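Colleague: I'm new to reading protein models. Could you walk me through one?

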Amino acid sequence: MSIDSPVLAAARRARAAAAVLAPLPRSAKDAALLAIAEALLARSAEITAANAEDVARARAAGTAESVVDRLALTGERIAAIAADVRGVVALPDPVGEVVRGYTLPNGLDVRQVRVPLGVVGIIYEARPNVTVDAAALCLKSGNAVLLRGSASAYRSNTALVAVLRDAVAAAGLPADVIQLVPGESRESVTELMRARGLVDVLIPRGGAALIRTVVEGSTVPVIETGTGNCHVYVDARTDLAMAVGILLNSKAQRVSVCNAAETLLVHQDVAEEFLPLALAALAEAGVTVHGDEAVLKAAVGSPATVVAATDEDWGAEYLSLDLAAAVVPSLEAAVEHIRRWSSGHTEAIVTTSQAAARRFTQLVDSTTVAVNASTRFTDGSEFGFGAEIGISTQKLHARGPMGLPELTSTKYIVTGDGHVRGEDRQTVGG
């Protein structure tokens, strides 16, 4: 990789801009965000014209309409994106927050405070709204951002980033706090992943293949956003109507998102009552059920479309109107199934037993465990964060929906009054 690479040059510019941005007060960052919101509205026609080219190319290439819809921008959608940016303005600034602070017996004052990560790289797929969301969140948290969207949205992202940079510069901040990674080839992604020392962290957003590529190929630290093989477990003691409602919302309210349920587990003691109700409701919603033998038996005479499940079904993130389903002999068996097949995103239990709820939440090791609530609530805005950069399924630094605080690190500020350290109380060895 050449030191004169356009990608590395952009990363160096981002690093310089990040140093300027980091100490700025909230008022300066909020002013830039408001300028972005206004510019998006003022230049909406420019953005939609560029986006129309991407949409036309996608359709000509035979891209599925569901993907084209995620790619498309309209005046109405741009207005909604601008409103989201204004929403970020209203959020508290995490930079400078004291995580903990205390005074030592010797009089030294110790504070751990939030600071920006520095330069954040975002690698994502064909959703140009992510371009603005990521830029706004990084700016608010004091970070410079390098945006690498998919080639399918290149024209849209180029237009959006031009608008963002102009707005930021007009507000008196360095334009290079927001940059589009140069190039449309995979080589530019590889260069970004290898820019250790210039880029502080990478966040991939997209499908399993993209995330795996970044995690396995990057020398830059990665915050891994994960796929969602989410489970709904219906316990032996449950409210049947509530269980059906939670299942339908978890599975069918929006199928193409990572917090949609992909597997249903039903305790054997309630299966005879619950499955007929659930299968009828799922059939009405157009869901195909991939069931084990007990579910197949319960489906006889049901209007539901039920096929035999395979091991691939238990591990699948369908992102479609498909659902794996099994009957389990106990809560512990449900947990064992989840531990084997879950992606660690979100699991839900529907129960009227406090003991069962407590046991389930203790045993299940996922980012979010819901009790009598839909898996669809695992979302930054639903959690009250206002916005999110993604949902992390790893265990280091950030886990679950990532809002502004998760785009910061910390440093210690130690304040004394001429303090010097004396001899250690205890010497180990020697």
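This is a predicted model: local features need pLDDT of at least 70, side-chain atom pairs count only at pLDDT 80 or more; totals for chains, interfaces and linings use all residues.

Colleague: Let's start with the big picture. Which domains does the assignment give for the protein chain?

Modeller: The assignment gives domain 1, made of 6-224 + 394-413, and domain 2, which covers 230-377. Look at how domain 1 is written: it is given as two stretches of the chain. The centres of domain 1 and domain 2, taken over C-alpha atoms, are 35 Å apart. Six residues from domain 1 and six residues from domain 2 take part in the contact.

Colleague: How do I put a number on an interface like that?

Modeller: The size of an interface is often given as the accessible area lost when the parts come together. Here, domain 1 and domain 2 bury about 420 Å² between them, and carbon and sulfur atoms give 32% of that area.

Colleague: And how many salt bridges are found across the interface of domain 1 and domain 2?

Modeller: The rule finds two salt bridges there. It also finds two residue pairs in polar contact across the interface, both at pLDDT 80 or more. If you sort the domain 1 side by class, the residues touching domain 2 are one nonpolar, one polar and four charged.

Colleague: Back up a second. What's the idea behind a salt bridge?

Modeller: Side chains of opposite charge can pair when their charged atoms come close. Take D365 and R399: their side chains meet in a salt bridge, at 3.1 Å from N to O. By this rule, the count comes to 18 salt bridges.

Colleague: Pick one I can trace along the chain. Where do D176 and R13 lie?

Modeller: D176 and R13 form a salt bridge with an N to O distance of 3.9 Å. R13 lies in helix α1 (residues 6-21) and D176 in the loop between α7 (154-170) and β5 (178-180), so this pair ties together parts that are 163 residues apart in sequence. R13 counts as partly exposed, at 38% relative accessibility.

Colleague: What about E53 and R155, how far apart are their closest N and O atoms?

Modeller: They are 3.4 Å apart, and the two residues form a salt bridge. E53 is in helix α3 and R155 in helix α7, so this pair ties together parts 102 residues apart in sequence. Both are partly exposed: E53 has 44% relative accessibility and R155 has 26%. Salt bridges can also share partners, and in that way R13, R165 and D176 are joined into one network.

Colleague: Now for single residues. Is T263 buried or exposed?

Modeller: T263 is buried, with a relative accessible area of 0%. You'll find T263 in strand β8 (residues 261-267). Leaving aside neighbours within four places in sequence, T263 is in contact with N229, C230, H231, V232, W314, L323, A324 and H337.

Colleague: And L404, where does that one sit?

Modeller: L404 lies in the loop between β15 and β16 (408-415). At 5% relative accessibility, L404 counts as buried because the cut-off for buried is under 20%. Not counting residues up to four places away in sequence, L404 touches L91, P92, P94, L137, K140 and S141.

Colleague: One last thing: backbone angles. Which way does phi go at L319, positive or negative?

Modeller: L319 has a positive phi of about 55 degrees, although it is not a glycine. L319 is in the loop between α13 (311-314) and β11 (322-328), and it is partly exposed, with a relative accessible area of 35%. H397 isn't a glycine either, and has a positive phi of about 70 degrees. To find H397, look in the loop between β14 (390-392) and β15 (400-402).

Terms used. Residues are numbered from 1 along each chain as its sequence is written. Side-chain values use heavy atoms; hydrogens and water are left out. Domain bounds come from an automatic or database domain assignment. Contact means heavy atoms within 4.5 Å. Buried area is the accessible area (1.4 Å probe) that two parts lose on being put together, summed over both. A salt bridge is a side-chain nitrogen of Lys or Arg within 4 Å of a carboxyl oxygen of Asp or Glu. A polar contact is a pair of N or O atoms within 3.5 Å; within protein, one must be able to donate a hydrogen and the other to accept it, and residues adjacent in sequence count only if both atoms are side-chain atoms. Ala, Val, Leu, Ile, Met, Phe, Trp, Tyr, Cys and Pro count as nonpolar, Asp, Glu, Lys and Arg as charged, and the others, Gly among them, as polar. Helices (H or I, at least four residues) and strands (E, at least two) are DSSP runs, numbered from the N terminus. Buried means under 20% relative accessible area, exposed over 50%, partly exposed in between (1.4 Å probe, protein chains only).
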